[in-house]
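Open the model in your viewer and keep the selection panel at hand. The tour moves from one selection to the next and says what is found at each stop.

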Amino acid sequence: MPSFDEVLKEAGEFGRFQKRVFFLLCQTGVIFSFLFTSVVFLGRAPDNYWCRIPGAVELSERCGWTLEEERNFTVLPLHLGNNSSNGECERLDIAWDASISCTSPLAGYLNHSAGNLSLTACHDNWVYKDPHSSIVSEYNFVCGNAWMLDLSQAILNLGFLVGAFILGYAADRYGRILTYLLSCFGAGICGIIVAFAPNLTVFLIFRFLQGVFGKGTWMTCYVIVTEIVGSDQRILGIVIQMFFTLGVMILPGIAYLVPTWQGIQLAISLPNFLFLLYYWVVPESPRWLLTRKKGEEALEIMHNIAKHNGKYLSPHYSEITISNEEVSNPSFLDLVRTPCMRRNTLILMFAWFTSALTYQGLVMRLGIVEGNLYLQFFISGAVELPAAILILVTIDRIGRRLPFGISNIVAGIACLITALLPEDIPWLKMTVATLGRLGITMAFEIVYLVNTELYPTTLRNFGVSLCSSLCDLGGIIAPFLFFRLSPIWSELPLIIFCILAVICGILVFLLPETKGISLPETVEDVEQLSSPFGKCGKKWKHQDTNHHI
């Protein structure tokens with residue numbers, strides 16, 4: 001009886017049906033990129049704010065002051081008496097009451113010399129010119145509370161981490177499309193609650209949950225696309241990531257047009273509900289159905305694919321060979337129980353971690369260039385497009401392993417050169433650092449593809465989600481690593497990134513080449529894949545229990 005790949009070839013490996021599903025699921029990458037990078041605009045530092053003196057609200061109402069007049073009475077004396085204070089994180093150590101004069105509220109406090117004004121730290125009495133422009137002004141993430149903005153992003157990354165485990169497991173047990181649709185619904189609902197959160201606690205809880213569901217949409221859509229096309233079309237996973245980059249380029253336009261953080265949050269969350277319409281147009285993965293002993297449903301979907309592709313499955317394709325491997329729920333032990341699976345899992349986990357840590361570290365190294373934030377953010381996204389183009393040009397000609405390894409090594413060497421270049425040639429340091437970012441972006445995009453190709457169907461979604469969770473761990477660690485090492489030596493983080501990237505590049509060459517091969521259906525298939533050092537699964541025995549339905 002024919003295998004699934006033989007049936008897929010007859011029905012069309014990338015016909016009209018797959019192109020439609022591919023285009024629809026690519027939109028998920030756009031929306032996920034909004035969530036992934038939106039903190040840049042949600043967390044913009046407010047342009048104009050100051051610390052309010054206790055009693056100023058009542059006095060302003062009694063005296064009829066405008067906010068600008070109140071600010072002049074509050075901040076101007078600080079400029080006159082203490083040039084080191086701008087009134088943002090400190091205020092005069094006084095309190096106004098009903099006895100204060102409207103015309104000279106500071107008359108009783110300025111009898112001392114100007115340099116001896118008593119100041120105190122501000123804790124919760126900030127006034128913002130645009131109080132709802134960002135979450136910074138909404139929740140007072142300024143001065144001593146500035147670290148809370150980093151916490152909010154760490155909470156989101158923690159959600160990605162948890163989502164990789166929970167929803168990766170759910171997709172392998174309950175199905176790809178069901179998990180995808182529930183994730184879209186959850187991401188939309190949680191995004192709305194985040195926008196209207198009554199307090200910081202609710203905001204952080206549902207930002208975490210939005211990260212959980214957002215990761216589910218991204219990883220599951222990627223696996224669905226990989227499983228419904230032939231082996232020659234699996235590089236479409238790289239194109240999905242180009243849609244991620246497209247989202248990075250679109251986001252500054254949304255942020256420019258929408259003046260408040262709540263509006264931006266709604267704009268990036270509501271589109272998730274549109275994906276619920278995919279219930280009627282995107283089928284369950286037939287590969288997954290076969291692993292769950294649902295061969296008749298899988299065959300029905302294949303007939304539908306053939307019909308939409310203008311082809312016809314002959315009676316010869318009335319049965320599909322499937323594995324009689326016992327259906328079990330995936331676990332981490334399944335990923336490390338056998339030699340090749342164990343090797344692949346450990347290397348891929350390290351590759352995900354290194355890619356995320358180095359990528360985000362290089363972005364922070366480049367810093368925030370002075371100028372138009374929206375334009376600079378757009379350009380930073382456009383820089384990533386050449387990486388995807390280079391992958392598309394090379395990956396089907398020379399394979400996955402070589403560009404995967406070389407891109408990591410190039411990124412590492414670029415980090416080292418950037419660290420050693422003198423400061424008096426900033427343009428060269430910037431150019432080499434950008435080359436490093438290009439290299440690590442390529443590695444980041446290739447690891448998605450290779451990860452899906454090195455796991456069997458029964459463990460694919462769980463394996464990809466688990467390994468990619470190290471990406472989220474890298475995202476959490478990167479800012480702390482960067483900002484703790486920079487004070488010791490500004491270029492020390494680049495040395496760390498160099499070491500990690502070069503080691504990763506060397507380890508990648510131990511993985512088997514997956515160019516042009518069928519997706520593995522069982523653990524045994526993975527064990528038979530050849531690496532440069534032979535088949536690590538030669539001694540691993542598994543009884544052939546294929547049967548037909």
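Predicted model: local features only at pLDDT ≥ 70, side-chain atom pairs only at ≥ 80, totals over all residues.

Which residues form one aromatic cluster? Select Phe32, Phe36, Phe160, Trp218, Tyr222, Phe244, Trp352, Tyr359, Phe444 and Tyr448: together they form it. Rings of Phe, Tyr and Trp (its six-membered ring) count as a pair if their centres lie within 6.5 Å; planes under 30 degrees apart are stacked, over 60 edge-to-face, and the rest tilted.

Residues are numbered from 1 along each chain as its sequence is written, and side-chain values use heavy atoms, with hydrogens and water left out.

**The whole chain**

Colour by secondary structure: there are 23 helices and 6 strands. Helices (H or I, at least four residues) and strands (E, at least two) are DSSP runs, numbered from the N terminus. Of the 549 residues, 54% are buried, where buried means under 20% relative accessible area, exposed over 50%, and partly exposed in between (1.4 Å probe, protein chains only). Of the contacts with a separation of 6 or more, 81% join residues 24 or more positions apart; contact means heavy atoms within 4.5 Å.

**The nonpolar cores**

Next select Leu25, Tyr180 and Phe404, the residues with the most contacts inside the largest nonpolar core, which has 126 residues. Such a core is a set of buried Ala, Val, Leu, Ile, Met, Phe, Trp, Tyr and Cys residues joined through side-chain atoms within 4.5 Å. Helix 16 (residues 339–366) gives the most to this core, 12 residues. Centre on Leu25: beyond its neighbours within four places in sequence, Leu25 is in contact with Tyr180, Cys221, Ile224, Val225, Tyr278 and Val282. Another core lies apart from the largest one and has 9 residues, among them Ile53, Leu59, Trp65 and Leu92.

**Aromatic pairs**

The chain has 26 aromatic pairs. Show Phe203 and Trp261, which are edge-to-face at 5.8 Å centre to centre, with 85° between the planes. Phe203 is in helix 9 (residues 200–227) and Trp261 in helix 11 (residues 261–269), 58 residues apart. Is Phe203 buried or exposed? Phe203 is buried, with a relative accessible area of 1%, and Trp261 is buried, also at 1%.

Now move to Trp218 and Tyr448. Their ring centres are 5.8 Å apart and their planes at 80°, so this pair is edge-to-face. Trp218 lies in helix 9 and Tyr448 in helix 20 (residues 426–453), so the pair ties together parts 230 residues apart in sequence. Both residues are buried.

**The largest cavity**

How much space lies in the largest cavity? About 290 Å³. A cavity is a set of points, on a 1 Å grid over the protein atoms alone, where a 1.4 Å probe fits but cannot get out; lining residues have an atom within 4 Å of a point. Of the 20 lining residues, select Phe36, Gln241, Phe244, Phe444 and Tyr448, the closest to its centre. Helix 20 supplies the largest share of the lining, 4 residues.

**Last stop**

Finish at Leu182, in helix 8 (residues 176–195). Leu182 is exposed, with a relative accessible area of 52%. The C-alpha atoms of Leu182 and Gly216 are separated by 8.7 Å.

Terms used:
1 Å grid on protein atoms, 1.4 Å probe; cavity = no way out; pocket = protein on both sides within 12 Å on 5 of 7 lines; lining within 4 Å. Points joined across faces, edges and corners; volume = space filled by probe spheres on them.
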